[in-house]
Amino acid sequence: MNEHLLIHIVLLLAIAVAIVSLSRRLHFPPILGYIIVGIIVGPNGFGWIDKEENIEILAEFGIVFLLFAIGLEFSLAQMISMRRQVFGLGTVQVFVTGLLVYAIGYFAGLDTNTNIIIASAFALSSTAIVIKQLTEQSEIHSRHGRSALGVLIFQDIIAIPLLILIPTLALTSVGDNSLGLALSVAFLKGMLVVVVMHMIGKYLLKPLFHEVASAKSQELFTLTVLTVALGAAAFTEQMGLSMTLGAFLAGMMLSETEYRHQIESDIRPFQDILLGLFFVTVGMMISLTLLQQHFWLIIAITLGIILLKGLVLYGVARLFQKQGGVALRLALSLSQVGEFGLVLLTLAFTYKLLPIEIGNILLTSAVLSMSVAPFLIKFNGVIAKTWHKGSYLSNHQNIEKIIIDDSVRLDQHVILCGFGRVGQTVSRFLSKANKLFIALDMDIKRVQEAHDAGENVYYGDAAKETILKAACLDKARIVIVTFSDFHASIKILKTIRQMNQQVPILVRTPDDAHVNELLEAGASEVIPDTFESSIMLASHLMLMIGDPPRKILKEVREIRKNRYRLLENFYPGEDDNPMEEHQVMTGVFHTVILTQDTFATHKTIGSLGLEQFDIQVEAIKRGSIRGNNPSNETRLRIDDHLVLSGTPENIERVELYLTTGKS
């Protein structure tokens, strides 16, 4: 390898290009392509990289950059907004799976250290495969998609103590009385490292990156990012912990800065290559000879992993009151071993904690479970509908019936596909112009909040013919697609065009990368994404409905003149972070439902002194009637829906006051 290093690197890259290109053509995840490359070039293939130390060095750097990339995408706000799925569903799944795998290993006669590593590795699922596949299938915001995301977030969190655990196990033996003490010291040391790095990230990184960014040097900015990432990895290694822990924490620190998106943009060109490097090293450890010798054992372990994790996930999801179909789709999506599992097994090899033959058998089984995952995720809906046909049909029929009953009088209306920030912006233009509309969204929390406030919003997949039919597509004047997800927009466009070739369709897109594809799929207009694009989208809509241009121009000028006040609040969904800094939307809408025991019931709005909370009373929904901008003399009644707007903190304070009388 040392004699012909450049030639071997060129061959490695050439094979990677060919294999990964073929994987994409066959719709296989690129991860599997990189693993195949590793098998080909490694000591068990052609032997181009045949020295153990070379493999270890490549693996260490591959793992470091893998964990850095995952940490960079880790969102603390997202974790908080999904805390029930993260700390409820995720916690139970990981510990139940880990305990069952440990029990199986115990009865199989494995030693404690080996058992702990295997149980930890097999309890985790693949963030890269699951998120990518669900996003491409437009299922990431579905019920099972959000649950899967919550479980994956917890798995990313639990990976931190697991990364601390591996080096500690290597320093102690099973029979050593100091094992408990060593583990305690290691976890205390880990806690100290997390706190120190959090403080560095909070108080040093922001001014550092502000200074670097002010230099306006792309090279300097990228160099600083890499220095922080590798410096954090070196720091944790010097503390006697794993380098990968430092890389993960560095990614988390950088993800919390205002420069996160710039960092992602700079890292993106070579991030996938660095991640691919890790999976190449995983492939190098797989022996085809071993696979041949223990073929049925490896297949049995692979199927065992999928069945065990699937049953645990299904049972836990049902325990958390998920419907049968949702629980099964979640189980199918997360039944594989993931990147963190491979990281733990690889580290165990590095620290000599796994017997070579057993470790290779388990590693091969883990990789095979990942290779099956894309197909299980792809057909999760078909499988779930087959097993839970009755509940699926009943659930969909109930959703459709609600939409049909409330849409019976709709004619020449607008169908809004998506009720996120852009969808809500457009809906306010429509409401102000007294135009009929119906909105469809897959975020249950957002739909509930908006529906309670009297908005004409319903839970439903706009890519399904039955839902569009229930929303009276045949009588609609225009359809507007506001999702930022390109794959979701394409699915909706194709469904609409199969049902109706004439109805105009406006589509919102984050950038101009897919404009031609959206137009070819049937979009009448494609509008780029910014807040100005929201205004332009609504302007196009008003023109196509028939409002005079002068009136539209006046409305747009008024919004700009008032600093976008019409757009400054929104109904938050489960994935929204109201605390995130935003150039326009600074607050949220929230509905408080008054009861017999509520403090504010039977009092006038003026007598409550709500001005002290710096919030706005937007409307009162009483029965089926919504009254905007109620006067201070309005007396509140039982079952009134009080629609408030303001910052999340002020909304929380005023809700407590309205409910209990305590401020």
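Contact here means heavy atoms within 4.5 Å. The structure is a predicted model, in which local features need pLDDT of at least 70 and side-chain atom pairs count only at pLDDT 80 or more, while totals for chains, interfaces and linings use all residues. Residues are numbered from 1 along each chain as its sequence is written, and side-chain values use heavy atoms, with hydrogens and water left out.

**View 1. Threonine 224 in helix 10.**
Threonine 224 belongs to helix 10 (residues 218-238); helices (H or I, at least four residues) and strands (E, at least two) are DSSP runs, numbered from the N terminus. Not counting residues up to four places away in sequence, threonine 224 touches Leu208, Phe209 and Val212. From C-alpha to C-alpha, threonine 224 and phenylalanine 209 are 8.0 Å apart, with 15 residues of sequence separation. Threonine 224 counts as buried because its relative accessibility is 11%; buried means under 20% relative accessible area, exposed over 50%, and partly exposed in between (1.4 Å probe, protein chains only). The side chain of threonine 224 also reaches the backbone oxygen of leucine 220 at 2.7 Å.

**View 2. The nonpolar cores.**
A nonpolar core is a set of buried Ala, Val, Leu, Ile, Met, Phe, Trp, Tyr and Cys residues joined through side-chain atoms within 4.5 Å. The largest one has 104 residues, and Phe122, Phe209, Leu254 and Leu342 have the most contacts inside it. Helix 8 (residues 143-171) supplies the largest share of this core, 15 residues. A second, separate core has 57 residues, among them Phe437, Ala439, Phe486 and Ile496. Leaving aside neighbours within four places in sequence, leucine 254 has contacts that include Phe68, Leu72, Phe209 and Ile263.

**View 3. Aspartate 485 in a loop.**
Aspartate 485 lies in the loop between strand 4 (478-481) and helix 23 (486-499). Aspartate 485 is buried but has no salt bridge, and the nearest side chain of opposite charge, lysine 491, is 8.5 Å away. For charges, Lys and Arg count as positive and Asp and Glu as negative, while His and the chain ends are not counted. A salt bridge is a side-chain nitrogen of Lys or Arg within 4 Å of a carboxyl oxygen of Asp or Glu. The side chain of aspartate 485 reaches the backbone nitrogen of histidine 487 at 3.0 Å. Apart from neighbours within four places in sequence, aspartate 485 is in contact with Thr135 and Ser138.

**View 4. Salt bridges around aspartate 547.**
By the salt-bridge rule the count is seven. In one of them, lysine 435 pairs with aspartate 547, with the closest N and O atoms 3.4 Å apart. This pair links distant parts of the chain, 112 residues apart. Aspartate 547 also meets lysine 551 in a salt bridge (3.7 Å, N to O). Shared partners join Lys435, Asp547 and Lys551 into one network. Aspartate 547 counts as buried at 10% relative accessibility, whereas lysine 435 is partly exposed at 26% and lysine 551 is partly exposed at 40%.

Strand 9 (residues 616-622) and strand 10 (residues 625-628) pair in the antiparallel sense over four bridges; two strands pair if DSSP finds at least two bridges between them. Isoleucine 620 has glycine 627 of strand 10 as its bridge partner. The two strands form a hairpin with two residues between them, and glycine 623 in the turn has a positive phi of about 70°.

Notes:
Polar contact = N/O pair within 3.5 Å; in protein donor to acceptor, adjacent residues only side chain to side chain.
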